[in-house]
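The following exercises are to be worked with the sequence and the three-dimensional structure at hand. Each task is followed by a solution in steps.

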Amino acid sequence: MDVRSEEPSLPQGRGRLSDALVECLRGGGPPPDAREVAGADPFGEDLQLALYLCYELHYRGFAGVADDREWDPELLRFRASLEWPFLEALRAVATRHKRADEALDELLVEPVDGTGVSRFLAEEGELWQLREYAAQRSLYHLKEADPHAWVLPRLWGRAKAGMAAVEFDEFGGGRADRVHARLFADLMTDLGLDPAYGRYVNVACAETLALVNLMSLFGLHRSLRGALVGHFATVEITSSPASRRLAKAMRRTGAGAAAEHFYTEHVEADAVHEQVVRHEVVAGLLAEEPHLDADVAFGVDATNHLEDVLADRFLDAWRAGRSSLRAPV
């Protein structure tokens, strides 16, 4: 199935905010009042799904929802009321560094006795766990690199050139069959999953939604361009070693050639991207706008924090023999 298929259906709501927003998008009422957001858990299922729905209007949209709802002033006002509690909560719990080089240097150190999701899957993961991992990650990987493209008009010089070079690779270097979202759809097919865009939103947990929302939050706000660059650098620097382990997991479990290829492709590509992002995108941005140093560091810290929270979700569930999903796939 082509990842450029029809628009996804609206998912089910998970609370008063997302329930009301789904009803609004279906044409049955106004957006929720921004004042209703007060007291909602900024990392909770309800707020994160509502924010995800708002952001998706800027990507593929939803079946039955008019394209011009993307710029509906009331929906934008409601989106802002969700964004700022999320952003402020992230600043409070995730900030660890004030300088980008300090934050990025830590990413270059691979702990010998590390205990992350990719290590678990490489050494002892089972096929059902790989399927769950792919279903959750599909919320991003079926639009891989799209959120990062928002930052291109906000950069110039070395930073823009480096970012465009990496994005060109992410989008297949001019070849549709090598677009990374296409490769991930092939991975899903190998794993017996439905590669349709948005298919697994209903079963994805709040931790997954938060990580995907982070990219859109950073990408859609010019004021957060430094944080987006920090986020992107984190993804590229950490991707190659994790991809090597995930390729091993796919090979060990017999997941299939396409499933393994998605990660072997990232081992080589992201090893190169790491250097471009560090020395051209980050260094180029800070040479032009040194006042964004702390923002780049925050992008690194926020990404690491949400990745760690999601990793805990996966590992706590799997080690207890439970599913990490909200419902079976």
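A residue counts as buried under 20% relative accessible area, as exposed over 50%, and as partly exposed in between (1.4 Å probe, protein chains only). The model is predicted: local features need pLDDT of at least 70, side-chain atom pairs count only at pLDDT 80 or more, and totals for chains, interfaces and linings use all residues. Residues are numbered from 1 along each chain as its sequence is written, and side-chain values use heavy atoms, with hydrogens and water left out.

**Exercise 1.** Determine whether alanine 249 is buried or exposed, and state which residues it touches.

Solution.
- Step 1: Alanine 249 is located in helix α11, residues 225-253. Helices (H or I, at least four residues) and strands (E, at least two) are DSSP runs, numbered from the N terminus.
- Step 2: The relative accessible area of alanine 249 is 0%, so the residue is buried.
- Step 3: Not counting residues up to four places away in sequence, alanine 249 touches Leu121, Ala122 and Leu130. Contact means heavy atoms within 4.5 Å.
- Step 4: Between the C-alpha atoms of alanine 249 and serine 18, which are 231 residues apart along the chain, the separation is 36 Å.

**Exercise 2.** Describe the backbone and the burial of alanine 145.

Solution.
- Step 1: Alanine 145 is found in the loop between α6 and α7 (146-149).
- Step 2: Its phi is near 80°, a positive value in a residue other than glycine.
- Step 3: Alanine 145 has 0% relative accessibility and therefore counts as buried.

**Exercise 3.** Compare the span of helix α3 with the expected one, and find what its buried residues pack against.

Solution.
- Step 1: Helix α3 (residues 73-94) contains 22 residues. The expected span of a helix is 1.5 Å times one less than its number of residues.
- Step 2: From first to last C-alpha, α3 reaches 31 Å, close to the expected 32 Å.
- Step 3: The buried residues of α3 include Leu75, Phe78, Leu82, Phe86 and Leu90.
- Step 4: The buried residues of α3 pack against α1 (16-25), α2 (45-56), α10 and α13 (293-319).

**Exercise 4.** How are α1 and α3 oriented to each other, and which residues meet?

Solution.
- Step 1: The two axes come within 13 Å and cross at roughly 160°. Axes are lines fitted to C-alpha atoms, for helices over the stretch in contact, and angles run from 0 to 180 degrees between N-to-C directions.
- Step 2: This angle makes α1 roughly antiparallel to α3. Angles under 35 degrees count as roughly parallel, over 145 as roughly antiparallel, 65 to 115 as roughly perpendicular and the rest as oblique.
- Step 3: Leu17, Leu21, Cys24 and Leu25 of α1 meet Leu75, Phe78 and Leu82 of α3.
- Step 4: By class, this contact of α1 with α3 has seven nonpolar, no polar and no charged residues. Ala, Val, Leu, Ile, Met, Phe, Trp, Tyr, Cys and Pro count as nonpolar, Asp, Glu, Lys and Arg as charged, and the others, Gly among them, as polar.

**Exercise 5.** Classify the orientation of α11 to α13 and the residues of their contact.

Solution.
- Step 1: The axes of α11 and α13 come within 6 Å, with a crossing angle of roughly 50°.
- Step 2: α11 is therefore oblique to α13.
- Step 3: Gly226, Ala227, Gly230, His231 and Thr234 of α11 make the contact with residues of α13, among them Asp295, Phe298 and Gly299.
- Step 4: The contact of α11 with α13 divides into four nonpolar, seven polar and one charged residues.
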